[in-house]
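Okay, thanks everyone for coming. Let me put the structure up, and then I'll talk you through a couple of spots.

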Amino acid sequence: MSLDSALQSLKRGEFVLLFDSAGRENEIDMVVAAEFVTPEHVARMRQHAGGLLCIAIENNFAASLDLQYMHEILADSSISNKEMIMGLAPYGDHPTFSLSVNHYQTYTGITDKDRALTINEMAKIYNVENKQKKFASSFKTPGHVPLLIASKGLLAARQGHTEMSVYLAQIAGLTPVTAICEMMDAETYTALSVDKAEKFAKQNGIPLIDGKELLEYAKVN
C-alpha cells in the first residue's frame, strides 16, 4: 500500500503496520497516533501484536519534559553494575528507552483502560504551555508504559520504529507521539514474519509500510 494510505489511516485514528528493515531488527510494529488511543487500541495491540507497548515521542518534546535516555540515567547513577548498561544493540543502534510511566489517575497501570489513559494523556501534554510541570504533576514512575525518545534528526540519525513512527505522525500533521508494539508469532516464538504480517494487513485492511519507502520519502540514504 502507498504511504498516503498509511497517513490517512493514522489521521483516522487507525493502525499502520511498520517494517523497519531486514538488516536491522527485522520486525513489524503496530503503530497508532497516541492522541487517538482508546482501550480498544490497547486490547488489539495486546492481542494481535503482543510485544512491548511503548510511547514514542519526538526529541524536542522529550527535552521539554527534561527526559533522558535510560542508559544515560543509569550511567550517571550510583549503581555499581555499570557493565550491565546497554551501549549498542546487536543490530547497531543505541536503545531509545527512557522512563516508564503511569498516569496518576490509573490504578495498577497495566489494564487496557489504564494504559490507554497513560498514552492518550501523554499526547495531550504536547500542546500544553508548561510541559515539564504538567508532565511531573500528571505521571508517576516507574510505571507500565515505557517512553521511547526519538533521535535528533529522526531518520537521518537512527532508522528504528521509534523514529519512523514519530516521522509518520509528523508528516500526517499529527502530534508527534505514537503508541507502538512489536508483532510476535505464537507459532514460532519469534517476531512475526513479513509474509504473515502482509497476510494480517490484507485481512484487516491495515496499511503496511516498508521502512525503505519512508527513507526514500525523507530523502535519507
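This is a predicted model: local features need pLDDT of at least 70, side-chain atom pairs count only at pLDDT 80 or more; totals for chains, interfaces and linings use all residues.

Residues are numbered from 1 along each chain as its sequence is written, and side-chain values use heavy atoms, with hydrogens and water left out.

So, strand β2, residues 28-33: six of its six residues are buried. Buried means under 20% relative accessible area, exposed is over 50%, and partly exposed is in between, with a 1.4 Å probe and protein chains only. Strands are DSSP runs of E, at least two residues, helices are H or I, at least four, and both are numbered from the N terminus. Ile28, Met30 and Val32 point one way, while Asp29, Val31 and Ala33 point the other.

What does β2 pair with? Pairing needs at least two DSSP bridges between two strands. β1 (residues 16-19) runs antiparallel to β2, joined by four bridges, and Leu17 partners Met30. β6 (residues 177-182) is also antiparallel to β2, over five bridges, with Val32 facing Ala179 as bridge partner.

Now salt bridges, meaning a side-chain nitrogen of Lys or Arg within 4 Å of a carboxyl oxygen of Asp or Glu. The whole structure has nine. Take Arg24 and Asp93, with closest N and O atoms 2.8 Å apart. They sit 69 residues apart in the chain, and both are buried. They also belong to a salt-bridge network with Asp20, Arg158 and Glu163.
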